[in-house]
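Trainee: I have a model open and would like to go through it. Can you take my questions one at a time?

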Amino acid sequence: SIVQTMGDPSGSGFPVGVNVIEFTATDVNGNASTCSFTITVTDNEAPVAVCQNITIQLDATGNATITAADVDGGSTDQCGVASTSIDIDTFDCSDVGDNNVILTVTDVNGNTSTCTAVVTVEDVTAPVVACQDITVVLDATGTVTIAGI
């Protein structure tokens, strides 16, 4: 008889790494011999990075912050996504308009993939206007010049 005595059975989905398989053969007289071999599974396939474009508004102080999840449009990997990150996460008045943000997706085995999302920054806060009364003195020609400060 030949019996598998160690390892996942034939047809199984083997995990990434070294998998030891062992079989024992026994003849009709009870003599047995064991043989083992390894199956090494590597994950060298990059995850699928999927980006989505977003529009954000600056707050009252002229700033905005995003996370990787905001531009991740459903990135996947057959072994699992370990992390996502972005190269730019803060914006201010100088960033009004379209900005390219790179999303990096890393799987559980260290493979990476990137995509680019467009983050459109909008300034929707009206300026604050402060007025004050002033007293002016006309010059010899009867005119005066004032400047807004």
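This is a predicted model: local features need pLDDT of at least 70, side-chain atom pairs count only at pLDDT 80 or more; totals for chains, interfaces and linings use all residues.

Trainee: Fine. Which residues make the nonpolar surface patch?

Mentor: Ile134, Val136, Leu138, Val144 and Ile146 make it, and the patch covers about 460 Å².

Trainee: Where is Val144, and is it buried, partly exposed or exposed?

Mentor: Val144 sits in the segment after β9 (112-122).

Trainee: Changing topic, strands. How many bridges join β6 to β8?

Mentor: Five, between residues 81-86 and residues 97-107, with the two strands antiparallel. Within that pairing, Ser83 is opposite Thr106 in β8.

Trainee: And β8 with β9, parallel or antiparallel?

Mentor: Antiparallel, over 10 bridges. Ile102 faces Thr116 of β9 as its opposite residue.

Trainee: What about the turn there, how many residues lie between the strands?

Mentor: Four, and Gly110 in that hairpin has a positive phi near 90°.

Trainee: Next, Asp72. Where is it?

Mentor: In the loop between α1 (68-71) and β6. A polar atom of the Asp72 side chain is 3.0 Å from the backbone nitrogen of Gly74.

Trainee: Which residues does Asp72 touch, not counting those up to four places away in sequence?

Mentor: Val50, Gln52, Thr84 and Leu103.

Conventions:
Residues are numbered from 1 along each chain as its sequence is written. Side-chain values use heavy atoms; hydrogens and water are left out. Patches are made of residues with over 30% relative accessible area and no salt bridge: like charges are joined within 9 Å, nonpolar side chains (Val, Leu, Ile, Met, Phe, Trp, Tyr) within 5 Å. Accessible areas come from the Shrake-Rupley method with a 1.4 Å probe; for residues, only the protein chains shown count as cover. A salt bridge is a side-chain nitrogen of Lys or Arg within 4 Å of a carboxyl oxygen of Asp or Glu. Two strands pair if DSSP finds at least two bridges between them. A polar contact is a pair of N or O atoms within 3.5 Å; within protein, one must be able to donate a hydrogen and the other to accept it, and residues adjacent in sequence count only if both atoms are side-chain atoms. Contact means heavy atoms within 4.5 Å.
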